[in-house]
Amino acid sequence: MDDDTAARISALRFWQTPLVLSPLVGGLCNRNFIAEDRSGTFVVRVGRDIPVHGIFQPFVHTAMRSAAAIGVSPALRYAGADIAITDFVDGRPLRPDDMRDAAILAKLVGCIRRLHDGADAVSGTLPYFWPFQVVRNYARYCEENKSRLGSELRALSGYADALERLVTPFRPVFTHNDLVPQNVMLDKQGRVLLIDWDYGAYGHPLFDLAAITANIDDDEGLDAQILALYAGAPGPDLWKQFHLFKLIINLREALWGAVQELASELDRSIVAAGMASLYPEQEQGYAGYAEMNRKRFHRNLAEFKRQHD
């Protein structure tokens, strides 16, 4: 942690001194710290506006505050220009094998359902998250900045266009839009809580639901359980929409990694440590994350064509 960041955090009037700060490994888009003072233990998030990702701190803080009011996220105790402080979750992030636990899966889907039904708790302005446009913007940015994906970018953007044309009418809801396993916490009381609200917005409910397995390479049997818990037995139309959003998640994550290769201002050692803790078998850094999700996309695209063409 650099001295300036520590000094700015320590200077906040929020604390009941003495204050002890320690880095929290795992963030791929912001810096996080565990803070302990006489009143308790907290997480300090140091973020910044990142226009290419549509991340603006006032929107992030609105999403955090609203999600906490719904009861699906830790309480937001302080929000400044680029610093947010939340209650510390005494627990751990979900692991892929947790999805095999029927009780944990039911809690996660129930948590997502409460979020989607909780728009009345939103106080303030939230953006709209449309992943197909996100992919197009990322592809343009990568092309303009000479990404190593090169000639593949136009094809990837074309896939987003084709998938978008298949989306059927829906009701926008309050969505998280980044439900990778590390953004879901299981506390020691067995509660499931959602963290990291950089992309919190109004959006499509299936983007959150499909993320449960899109980001952990799981099988269709688990997908069926997720849809049944959320909406009852899925018919063929819902199945197609679910698989469609699984694809756009893979595509968004692949291009997110490619953009971060070019745009991230985080120290590379922080990124490498975060990747090593989350995806130890992958190439470290954003390049490894992009390639992991690019492979997921093409694998799931072949399955989508087999089932729905």
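Tutor: First, some terms: axes are lines fitted to C-alpha atoms, for helices over the stretch in contact, and angles run from 0 to 180 degrees between N-to-C directions. Helices (H or I, at least four residues) and strands (E, at least two) are DSSP runs, numbered from the N terminus. We're looking at a predicted model, where local features need pLDDT of at least 70, side-chain atom pairs count only at pLDDT 80 or more, and totals for chains, interfaces and linings use all residues. Residues are numbered from 1 along each chain as its sequence is written, and side-chain values use heavy atoms, with hydrogens and water left out.

Student: At what angle do helix 6 and helix 8 pack?
Tutor: Two packed helices are described by the angle between their axes and the distance between the axes. Here helix 6 covers residues 205-214 and helix 8 covers residues 236-263. Their axes are 8 Å apart, and the angle is about 70°.

Student: And how does that make helix 6 lie relative to helix 8: roughly parallel or roughly perpendicular?
Tutor: Under 35 degrees would be roughly parallel, over 145 roughly antiparallel, 65 to 115 is roughly perpendicular, and the rest is oblique. The angle of about 70° therefore makes helix 6, relative to helix 8, roughly perpendicular.

Student: By class, which residues make up the contact of helix 6 with helix 8, and how many of each?
Tutor: Contact means heavy atoms within 4.5 Å. Ala, Val, Leu, Ile, Met, Phe, Trp, Tyr, Cys and Pro count as nonpolar, Asp, Glu, Lys and Arg as charged, and the others, Gly among them, as polar. The contact of helix 6 with helix 8 comes to eleven nonpolar, three polar and two charged residues.

Student: Is Gln 57 buried or exposed?
Tutor: Gln 57 is found in helix 2 (residues 57-70). Its contacts beyond four places in sequence include Gly 47, Asp 49 and Ala 81. Its relative accessible area is 3%, so Gln 57 is buried.

Student: Which side chain does Gln 57 join through a polar contact?
Tutor: A polar contact is a pair of N or O atoms within 3.5 Å; within protein, one must be able to donate a hydrogen and the other to accept it, and residues adjacent in sequence count only if both atoms are side-chain atoms. For Gln 57, the side-chain pair is 2.9 Å apart, and the partner is Arg 45.

Student: What about Ser 264: which side chain does it join through a polar contact?
Tutor: Ser 264 lies in the loop between helix 8 and helix 9 (268-278), and it counts as buried at 13% relative accessibility. At 3.1 Å, its side-chain partner is Tyr 286.

Student: Which side chain sits 3.3 Å from that of Tyr 286 in a polar contact?
Tutor: Tyr 286 lies in helix 10 (residues 286-308) and is buried at 2% relative accessibility. The partner at 3.3 Å is Gln 260.

Student: How long is the polar contact between the side chains of Arg 77 and Asp 87?
Tutor: Arg 77 lies in strand 4 (residues 76-79) and counts as partly exposed at 47%. Its contacts beyond four places in sequence include Phe 14, Ile 85 and Asp 87. The side chains of Arg 77 and Asp 87 are joined at 2.8 Å.

Student: What is the phi of Asn 177?
Tutor: Asn 177 sits in the loop between strand 7 (173-175) and strand 8 (184-187), and it's buried at 0%. Although Asn 177 is not a glycine, its phi is positive, about 75°.

How values were computed: Buried < 20%, exposed > 50% of the residue type's maximum accessible area, 1.4 Å probe, protein only.
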